[in-house]
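Have the model open in your viewer and your selection tool ready. We will go from one stop to the next, and at each one you will hear what to pick and what is there.

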Amino acid sequence: AIAGGQPLVPMLVRRGPGPAAAAATGGGAAAIDPADVVAFVAFVAWTRTPSQESIILANAGLAAAGDAIEKMSEKLWRDSIDVNLTGVWQTVKAAVPHVIEGGRGGAIVLTSSVGGLKSHPNIGTYIASKHGVVGLMRSMAVEFAQHGIRVNSVHPTQVNSPMLMNDMSYRMFRPTWRTRPPRTWRRSRR
């Protein structure tokens, strides 16, 4: 796992058990870390087995470090693009041939972000990668429409998760902040 210790989750929803190398999430869905090459190879092999899959959920996220574009490291840039954009593309590329072969149409949902619709300072890698997801969704929608496959993106805003609820994020949105916000600003995790 990369983002705040939480797994990154490209998913293919289908009947039957998921690949052994992937963490089974129930209902025949497989959740994997796209940076884990072994798990991704198992995921691709799993998509090539006979099934009746018709929904692909591609969700990957690596938080930005809060650096200005001119101070950003090349490694951070590449990691963000690789996880947030390439991971989404790889998930669809591995799974969509079987949805097309099924001949019944289907749906693909890509998770972008509110950052895929507008910009925020000091998270240029994240903004660029999530805007890329929107462009990818538009291209896929045009290409896969002939197969009856609908492609959409969703754009969540701040979510109470370790990816957002941490000191680095607090300082990114308010650079002068030195401690965590009061508990009343954060939702409880019951």
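**A walk through the predicted model**

Start by selecting strands S5 and S6, which run parallel and are joined by six bridges. Keep in mind that you are looking at a predicted model, not an experimental one. On this pair, pick Leu-110 and look across to S6: the residue standing opposite is Ser-153. Now follow the chain from S5 through H3 to S6; this β-α-β crossover is right-handed.

Is Asn-122 buried, partly exposed or exposed? With a relative accessibility of 33%, Asn-122 counts as partly exposed, because that value falls between the 20% and 50% cut-offs.

Move on to H3 itself. This helix has 21 residues and spans 30 Å from its first C-alpha to its last, close to the 30 Å expected at 1.5 Å a residue. Colour its buried residues, among them Tyr-126, Ile-127, Val-133, Leu-136, Met-140 and Phe-144. Then display H2, S5 and S6, which are included in what covers the buried residues of H3.

Now for the largest nonpolar core, a set of 20 residues. Select Val-92, Ile-108, Leu-110 and Phe-144, the members that touch the most others. Two or more residues come from each of strand S4 (55-59), helix H2 (74-102), strand S5 (106-111), helix H3 (124-144) and strand S6 (149-154). Zoom in on Val-92: leaving aside neighbours within four places in sequence, this residue is in contact with Ile-56, Ala-58, Pro-97, Ile-108, Leu-110, Met-140 and Phe-144.

For the last stop, colour by pLDDT. The protein averages 75, and 63% of the residues score at least 70.

Note on methods: Residues are numbered from 1 along each chain as its sequence is written. This is a predicted model: local features need pLDDT of at least 70, side-chain atom pairs count only at pLDDT 80 or more; totals for chains, interfaces and linings use all residues. Side-chain values use heavy atoms; hydrogens and water are left out. A nonpolar core is a set of buried Ala, Val, Leu, Ile, Met, Phe, Trp, Tyr and Cys residues joined through side-chain atoms within 4.5 Å. Buried means under 20% relative accessible area, exposed over 50%, partly exposed in between (1.4 Å probe, protein chains only). Helices (H or I, at least four residues) and strands (E, at least two) are DSSP runs, numbered from the N terminus. Contact means heavy atoms within 4.5 Å. Two strands pair if DSSP finds at least two bridges between them. A crossover is right-handed if, with the strands pointing away from the viewer, the path from the first strand over the helix to the second runs clockwise. The expected span of a helix is 1.5 Å times one less than its number of residues. pLDDT is the predictor's confidence in each residue, from 0 to 100.
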